[in-house]
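Q: I would like to learn how to read surface charge and strand pairing from a model. Could we work through an example together?

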Amino acid sequence: RKHPLEIPPPSEKDWLKDDEENFFLQDPDQMLDVLPQPFRMINKLVMLVFENAMEIIERRETLQEAQKVRIQATKCFPTAEFQVTGRANCLAVSGKYLFVGLSVGLAVFKVSDCKQACAWDAAKTEVCAIHASDLGNEHHALLAVDEMGLVWLFCFHKDSFLFIKNLNEMEDISKRSTCVEVVLSQGGDYAGVLLQGNTEAWLEIYQLPKDSWLKERENSPGAAAELAFRERKSTTGKPVLKLTLSLLQESVSANKADAKLALPVLLLKVKPPKPITGSIFKSPLDALMKVDDGGIFGLGYNHLIKDSQWEQQEAIFHSTYQEYLEAETESKDEIPRHATFHFLLPSRILQVGPEVKLQPAVPAGISVHWDGSHNLCLYSLNRPLKEKVDADLKPDVVWPCAAPIASSAVSSCSRYLALACEDATITIWDKHLGYPLTVTALLKEHVIRSMHFL
């Protein structure tokens, strides 16, 4: 080297200019953009918002075009309306009449012109549920449940109500039961009432003598209490319906009136099935006394197991399984239970003797399943009438299921029976043949509350 080593002087072309001191803040994608960095960032965000908005608009337009192609449901608007006294709680249609449960009594309207045909408010009670069935010859059976859980049975003909009986009325109010559900069979041959008392629940099936009712009403159409109407003009000039009650006897309350028609007959009384236990004996002493044939010395009072040993064993058991015993006592308090029941037309499942003549349109049995039960119990309705109904009635047919039954439904022809279990499994049974048609398993997180045949 000719010259010693030294630092070379900087060249002028590499010097930083005043306007390029913040070059590291510039966007490399927009080298030629003259806008400052904050404005360029805002521009990016605004363009991103516009692009997202256009995507949403295009997606909605696509959905709207797809919905236009689909068949639109027909919109139905009310063609007529009618005024009721008080509040309407429930409705039921039978034949050409519409029955309405009101906050005070009942009202009947004609379906053809929506005009009021009759009303009943003798008991001054609120009706919460009603069921009606056509008996033929312009007669209708009506079951009404009031706010106190009492079941009222009526027979309606043209423009008059005839009160027949309170199905669950008791003189002692403390022993009175409350109606949970009521079902009237198609044709009005049978009525089912699910009752709940202080400590238990049970199902009562009544046979309605509708043939006797029709004959008695034809012979004496005006022999019972009837409700008549007359129209009068109010001060405003509008027609007002005024109810007048005419009785042939002295004025008495509706629940004490003497019915002129034959009373319904209690046919069945179904109670929840008892839990299956391993033994019917309550103690070892009962078992020894039952099987004692002379080969056992003594009955085990003292020399087999002492009382102190039993007490010690019981204390150990209670201390070990305390949490399970508490859960068991809580479940025992929930004694009132709910049941779902259906009236069934004749089929091969419920066999009857050759001497019994079955009518195709008259129910021949009922199906009952209680909440939490695995079994569907079938009971035959072709039983001899007794003065005292069997309290411990056994089912004629039992269909076991793998899981507790959650819901059930019967088709209008009564041939197909659908059972939904708590494990989200739905089974369609053919009652005439007695075997399942289809089994559908839904996801376990689904809970089936109710089912209906369309």
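A: We begin with the patch, for which like charges are joined within 9 Å, among residues with over 30% relative accessible area and no salt bridge. Please keep in mind that this is a predicted model.

Q: Which residues form a negative surface patch here?
A: The negative surface patch is made up of Glu 51, Glu 55, Glu 58, Glu 61 and Glu 65, and one of these, Glu 51, lies in helix 1, residues 37-69.

Q: Is Glu 51 buried, partly exposed or exposed?
A: Glu 51 counts as partly exposed because its relative accessibility is 47%, and the partly exposed class lies between under 20% for buried and over 50% for exposed.

Q: How do strand 1 and strand 2 run, and how many bridges join them?
A: Strand 1 (residues 88-94) and strand 2 (residues 97-102) run antiparallel and are joined by six bridges, with Ala 88 having Leu 102 of strand 2 as its bridge partner. Two residues stand between the strands of this hairpin, where Gly 95 takes a positive phi near 65°.

Q: Which strands pair with strand 17?
A: Strand 16 (residues 365-370) pairs with strand 17 in the antiparallel sense over four bridges, and Gly 365 stands opposite Ser 380 of strand 17. Their hairpin has four residues between the strands, and Gly 372 takes a positive phi near 80° in it. Strand 18 (residues 397-400) also runs antiparallel to strand 17, to which four bridges join it, and Leu 376 has Trp 399 of strand 18 as its bridge partner.

Q: How many residues of strand 17 are buried?
A: Strand 17, residues 375-380, is mostly covered, with five of its six residues buried.

Conventions: Residues numbered from 1 in each chain as written. Predicted model: local features only at pLDDT ≥ 70, side-chain atom pairs only at ≥ 80, totals over all residues. Heavy atoms only, no water. Patch = residues over 30% accessible without salt bridge, like charges linked within 9 Å, V, L, I, M, F, W, Y side chains within 5 Å. Areas by Shrake-Rupley, 256 points an atom, 1.4 Å probe, with all protein chains shown as cover. Salt bridge = Lys/Arg side-chain N within 4 Å of Asp/Glu carboxyl O. Lys, Arg positive; Asp, Glu negative; His and termini not counted. Charge placed at Lys NZ, Arg CZ, Asp CG, Glu CD. Buried < 20%, exposed > 50% of the residue type's maximum accessible area, 1.4 Å probe, protein only. Pairing = 2+ DSSP bridges.
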